[in-house]
Amino acid sequence: MAIPKDPRVAEEALQAQAASLVDCRKCALCQERTQVVFGAGNPVADLMFVGEGPGFNEDKQGEPFVGQAGKLLNELLADIGLSRPQVYIGNVIKCRPPRNRDPLPEEIEICSPHLMEQIRVIRPMVICTLGRFATRVIASTQAPMSAVRGKAKELEVAGVPVIVFPVFHPAAALYTTANRGVLEQDFQKLK
């Protein structure tokens with residue numbers, strides 16, 4: 001039997017975790033960041049999105065997915081009858097890599113426990129991974145995105161039984177227009 005989620009308790013736990021990371025210096029990413037981008041949304045969301053890490057706009061505003069990829073994510077959510085306040089959005093790493101380079105393995109290793117704690121607090125039913133880095137961390141797979149995208153898999157992540165649903169990162173649809181149709185199809189399955 002599932003323990004009922006308490007939004008107040010979850011919100012307080014997430015706020016405390018975010019506060020503990022404000023001055024994080026565990027890896028070199030702290031040297032160039034503007035701020036830690038912890039996560040945002042419903043603290044007891046049934047659907048959680050996990051991306052790679054903050055980009056330029058996210059680093060400036062302190063919220064995940066607020067740039068062009070975030071605008072597309074908002075459109076995709078609206079297409080399936082959801083909005084940002086109904087879901088939770090986080091990232092594998094909490095600080096922007098210089099020039100938006102890929103996160104390094106040691107950065108992922110240092111930062112991903114924070115994501116796992118977010119998952120333990122939120123206890124989502126579904127985690128939609130946005131792109132290969134999030135999919136590798138959450139689904140523990142090295143398979144290419146083209147092989148796993150749009151396919152739901154039951155897993156236990158951070159001690160929480162979830163359905164993991166990998167999709168292309170919204171940025172992939174901004175750079176390759178064919179990926180937008182694929183993303184739209186996958187979001188319809190997510191619905």
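A crossing of two helices is right-handed if the near helix is turned clockwise from the far one by less than a right angle. In the predicted model examined here, helix α4 passes helix α5 in such a right-handed crossing. The axes of α4 (residues 105–122) and α5 (residues 132–139) come within 11 Å and cross at roughly 70 degrees, which makes α4 roughly perpendicular to α5. On the α4 side, the contact is formed by Ile 108, Ser 112, Leu 115, Met 116 and Ile 119, which meet Phe 133, Val 137 and Ile 138 of α5. Seven of the residues in this contact are nonpolar, one is polar and none is charged.

Helix α5 is largely enclosed by the rest of the structure, because six of its eight residues are buried. The buried residues are Phe 133, Ala 134, Thr 135, Val 137, Ile 138 and Ala 139. Their cover includes helices α4 and α6 (145–148) together with strands β2, β4 (126–130), β5 (153–157) and β6. Just after α5, Ser 140 takes a positive phi of about 50 degrees.

In soluble globular proteins, nonpolar side chains tend to be buried together. The largest nonpolar core of the model holds 34 residues, and of these Ile 119, Ile 138 and Val 157 touch the most other members. At least two residues of this core are supplied by each of α1 (7–21), β2 (47–51), α4, α5 and β6 (160–167). Helix α4 provides the largest share, seven residues. When residues up to four places away in sequence are not counted, Val 157 touches Met 116, Ile 119, Ile 127, Ile 138, Val 162 and Val 164. Apart from this core lies another, of 25 residues, among them Met 145, Val 167, Ala 173 and Leu 190.

The crossing of α3 and α8 is right-handed. Leu 72, Leu 73, Glu 75, Leu 76, Leu 77 and Asp 79 represent α3 in the contact, where they meet Arg 180, Leu 183, Glu 184, Phe 187 and Gln 188 of α8. The residues of this contact comprise six nonpolar, one polar and four charged.

Several individual positions were also examined. Ala 45 lies in the loop between β1 (39–41) and β2. With a relative accessible area of 0%, Ala 45 is buried. Leaving aside neighbours within four places in sequence, Ala 45 is in contact with Lys 5, Gln 86, Val 87, Tyr 88, Ile 122, Arg 123 and Pro 124. From C-alpha to C-alpha, Ala 45 and Ile 89 are 9.6 Å apart in space, although 44 residues separate them in sequence.

Gly 39 is found in strand β1. Beyond its neighbours within four places in sequence, Gly 39 is in contact with Pro 64, Tyr 88, Ile 89, Gly 90 and Gln 118. Gln 118 is 79 residues from Gly 39 along the chain, yet their C-alpha atoms are separated by 8.7 Å.

Gly 67 is located in the loop between α2 (56–61) and α3. At 8% relative accessibility, this residue counts as buried. Outside the four places on either side in sequence, Gly 67 is in contact with Asn 57 and Glu 58. The C-alpha atoms of Gly 67 and Gly 55 are separated by 7.9 Å, the two residues being twelve apart along the chain.

Backbone angles were considered last. Most residues other than glycine have a negative phi. Arg 123, although not a glycine, has a positive phi of about 55 degrees. The place of Arg 123 is in the loop between α4 and β4, and its relative accessible area of 29% makes it partly exposed. For Ala 158, in the loop between β5 and β6, phi is likewise positive, near 55 degrees.

How values were computed: Residues are numbered from 1 along each chain as its sequence is written. This is a predicted model: local features need pLDDT of at least 70, side-chain atom pairs count only at pLDDT 80 or more; totals for chains, interfaces and linings use all residues. Side-chain values use heavy atoms; hydrogens and water are left out. Axes are lines fitted to C-alpha atoms, for helices over the stretch in contact, and angles run from 0 to 180 degrees between N-to-C directions. Helices (H or I, at least four residues) and strands (E, at least two) are DSSP runs, numbered from the N terminus. Angles under 35 degrees count as roughly parallel, over 145 as roughly antiparallel, 65 to 115 as roughly perpendicular and the rest as oblique. Contact means heavy atoms within 4.5 Å. Ala, Val, Leu, Ile, Met, Phe, Trp, Tyr, Cys and Pro count as nonpolar, Asp, Glu, Lys and Arg as charged, and the others, Gly among them, as polar. A nonpolar core is a set of buried Ala, Val, Leu, Ile, Met, Phe, Trp, Tyr and Cys residues joined through side-chain atoms within 4.5 Å. Buried means under 20% relative accessible area, exposed over 50%, partly exposed in between (1.4 Å probe, protein chains only).
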